[in-house]
Amino acid sequence: PGAGFSAAPDSEHGKDFFSVDGDAGAFALFIEEWLARHERTNSPIYFAAESYGTIRAPALMDALYGGPFASTKMLTALSFSGVLFLGTAFTTAATILQQPPCEESVRTLLSAAATTACHHPGRFPSPEAAADEAWAFAPRYLEAPFKGSTLPEAERKAVAETVSRFTCIPAEKLLAQGLRYKMDEYRKSVLPGEEVGAYDGRYRMAGSAVPGSVPFPGMTDTIADDPAMGRYCPSFSGGMAELKKAFNLPAKPYPLINLAVNSAWQYASSHPALGSLENAVRRSPDLKFFFGTGLYDLVTVAGNVRYTLAQSAIPMDRVTVREYRSGHMPYLGEETAAALASDIRAFIR
């Protein structure tokens, strides 16, 4: 409530929804009511979550199943046939919570960096090849900063040169920074004098955003001035204006994002996202997950999905992973939208 068409009933109760658990409880009650009213409780239940919604989704699953730790304080025992995740953010929760990223998450950024380095023709055979080559190198890369000054000089230089090939950041700079880099630094290094989009590395803008804009929690650049978001958000806004006319909806503004809500939001949850998914799989032997990620997404990167699933207790035969030549939203662009639609249909069938 507070973004899009939704609003709290009054300002006094708005804060009740501004948390992971409060939000999950509100959505769970709505879904339970809808299923009961339409006599669909015994139908196969699927839901899709995108971006920050992928952090909300596991808490919502807990709320809908219920129990003593559910935000609804009820046991309703609703389970799912499948859950679809796009632009998975719970694998990058350290960024959302403004905590320093762990070494593993920094390494998994490498595949997204290598993919976007395809701005330079001939550097890699294809975006998929770039991502796979960087992923294969990541374990060696992880070991190098861990060893620090005990790593032989020749090996340090070799690692720096390889990472430079993936990121376009000079090897000398990487050596001076202990072989580490930040994604915003990378986005300004790929193309001299330009910045590539965080949400879609194929987009580019000249120069950098003027300092002083209000940042999104955990990110250094603004959403509005991101080279990707800054270009396609006006299309979303215009599209919602047409939707209002088509469905005779109230003539009120449609805020795509409400940063006041973001700043008031309580990100801590009693439901760790991955743990909630693992519990759900344990309870429901037929539950399956679909992860769709964009190879050019520099925020919720494909490598983080690969890494998280490799560390999880979720059997891989219960998981479908698809990586698209897209940014944060694989349904943008006719080719990837068609591929995504086909993959979702196959998953549900």
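Modeller: One term before we start: two strands count as paired if DSSP finds at least two bridges between them. Also keep in mind that this is a predicted model. With that in hand, take strand β2 (residues 82-86) and strand β5 (residues 288-294): they run parallel and are joined by five bridges. Within that pairing, V83 stands opposite F289 in β5.

Now step back to the whole sheet. It's an open one of four strands, ordered β1-β2-β5-β6, with parallel pairing. At the edges sit β1 (46-50) and β6 (319-324), each of which pairs on one side only. On average, neighbouring strands here are turned by 15° against each other, ignoring direction.

Next, what packs against it. Helix α13 lies across β5 and β6, and runs at about 150° to β5. This helix covers residues 302-311, and because seven of its ten residues are buried, α13 is largely enclosed by the rest of the structure. Buried here means under 20% relative accessible area. The buried residues of α13 are A302, G303, N304, V305, R306, T308 and L309.

For contrast, have a look at F247, in the loop between α10 (229-246) and α11 (259-264). With a relative accessible area of 59%, F247 counts as exposed, because the cut-off for that is over 50%. Together with L243 and L249, F247 makes a nonpolar surface patch of about 270 Å².

Terms used: Residues are numbered from 1 along each chain as its sequence is written. This is a predicted model: local features need pLDDT of at least 70, side-chain atom pairs count only at pLDDT 80 or more; totals for chains, interfaces and linings use all residues. Side-chain values use heavy atoms; hydrogens and water are left out. Patches are made of residues with over 30% relative accessible area and no salt bridge: like charges are joined within 9 Å, nonpolar side chains (Val, Leu, Ile, Met, Phe, Trp, Tyr) within 5 Å. Accessible areas come from the Shrake-Rupley method with a 1.4 Å probe; for residues, only the protein chains shown count as cover. A salt bridge is a side-chain nitrogen of Lys or Arg within 4 Å of a carboxyl oxygen of Asp or Glu. Helices (H or I, at least four residues) and strands (E, at least two) are DSSP runs, numbered from the N terminus. Buried means under 20% relative accessible area, exposed over 50%, partly exposed in between (1.4 Å probe, protein chains only). Axes are lines fitted to C-alpha atoms, for helices over the stretch in contact, and angles run from 0 to 180 degrees between N-to-C directions. Contact means heavy atoms within 4.5 Å.
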